[in-house]
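Work through these exercises with the structure open beside you. Try each task before you read its solution.

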Amino acid sequence: MTDLPLAKSLEIITAALAKGTELGLKPLAVVVLDAGGHVKAFQRQDGASMMRFEIASGKAYGALAVGVGSRWLNTQAETRPHFLEGLSAVSGGKIVAVPGGVLVKDSKGTIIGAVGITGDTSDNDEIAAIAGIEAAGFTADAG
């Protein structure tokens, strides 16, 4: 599979939100981007605060931009802030460098998209993203 179908994108979101509910997380927002960084699907739970689409998208976009989950970007922000400043500049400020942006890989290990989740702690956002990706039959790469 070289594409991320809409039906699978919706499966990812449904499972990620279910995981958030199971864990008692704060209201989440989940976006699924295809490998080109285009939105495939987005949902925001009731009560999720404003700007959640932008934050979730920034996490997923950042993961796609560098080909590794946003946890890696978070480490770079801490250890090499000049790198993240440059990356932010060339991306037009689209990248959010905190955990919660997870790559979606097919059975061959090809990146076919990314999931970005926001609403709870970054670690919990990442847990929900991984659960959604795996429930849809893909491999999650959190970096």
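**Exercise 1. Classify how helices H3 and H4 pack, and sort the residues where they meet.**

Step 1. Find the elements. H3 covers residues 70-79 and H4 covers residues 81-90. Helices here are DSSP runs of H or I with at least four residues, strands are runs of E with at least two, and both are numbered from the N terminus. The model is predicted: local features need pLDDT of at least 70, side-chain atom pairs count only at pLDDT 80 or more, and totals for chains, interfaces and linings use all residues. Residues are numbered from 1 along each chain as its sequence is written, and side-chain values use heavy atoms, with hydrogens and water left out.

Step 2. Read the geometry. The axes are 5 Å apart, at an angle of about 120 degrees. Axes are lines fitted to C-alpha atoms, for helices over the stretch in contact, and angles run from 0 to 180 degrees between N-to-C directions.

Step 3. Apply the classes. Angles under 35 degrees are roughly parallel, over 145 roughly antiparallel, 65 to 115 roughly perpendicular, and the rest oblique. H3 and H4 are therefore oblique to each other.

Step 4. List the contacts (heavy atoms within 4.5 Å). From H3 come Trp72, Leu73, Gln76, Ala77, Glu78 and Thr79; from H4 come Pro81, Phe83, Leu84 and Leu87.

Step 5. Sort them. Seven are nonpolar, two polar and one charged. Ala, Val, Leu, Ile, Met, Phe, Trp, Tyr, Cys and Pro count as nonpolar, Asp, Glu, Lys and Arg as charged, and the others, Gly among them, as polar.

**Exercise 2. Decide whether strand S1 is enclosed or open, and find its partners.**

Step 1. Check burial. Buried means under 20% relative accessible area, exposed over 50%, and partly exposed in between (1.4 Å probe, protein chains only). Six of the six residues of S1 (residues 29-34) are buried, so S1 is largely enclosed by the rest of the structure.

Step 2. Find the partners. Strands pair if DSSP finds at least two bridges between them. S1 runs antiparallel to S2 (residues 39-44), joined by five bridges. Valine 31 stands opposite phenylalanine 42 in S2. S1 also pairs in the antiparallel sense with S4 (residues 111-118), over six bridges. There, valine 30 has isoleucine 117 as its bridge partner.

Step 3. Inspect the turn. S1 and S2 form a hairpin with four residues between them. Glycine 37 in this turn has a positive phi of about 85 degrees.

**Exercise 3. How many aromatic pairs does the whole structure hold?**

Step 1. Rings of Phe, Tyr and Trp (its six-membered ring) pair if their centres lie within 6.5 Å; planes under 30 degrees apart are stacked, over 60 edge-to-face, and the rest tilted.

Step 2. Count. The search finds two pairs. Phenylalanine 42 and phenylalanine 53 are edge-to-face, 4.9 Å centre to centre with 90 degrees between the planes.

Step 3. Phenylalanine 42 lies in S2 and phenylalanine 53 in H2 (residues 52-66), so the pair ties together parts eleven residues apart in sequence. Phenylalanine 42 is partly exposed at 30% relative accessibility. Phenylalanine 53 is partly exposed too, at 33%.

Step 4. Take tryptophan 72 and phenylalanine 83. Their ring centres are 6.0 Å apart and their planes at 80 degrees, so this pair is edge-to-face.
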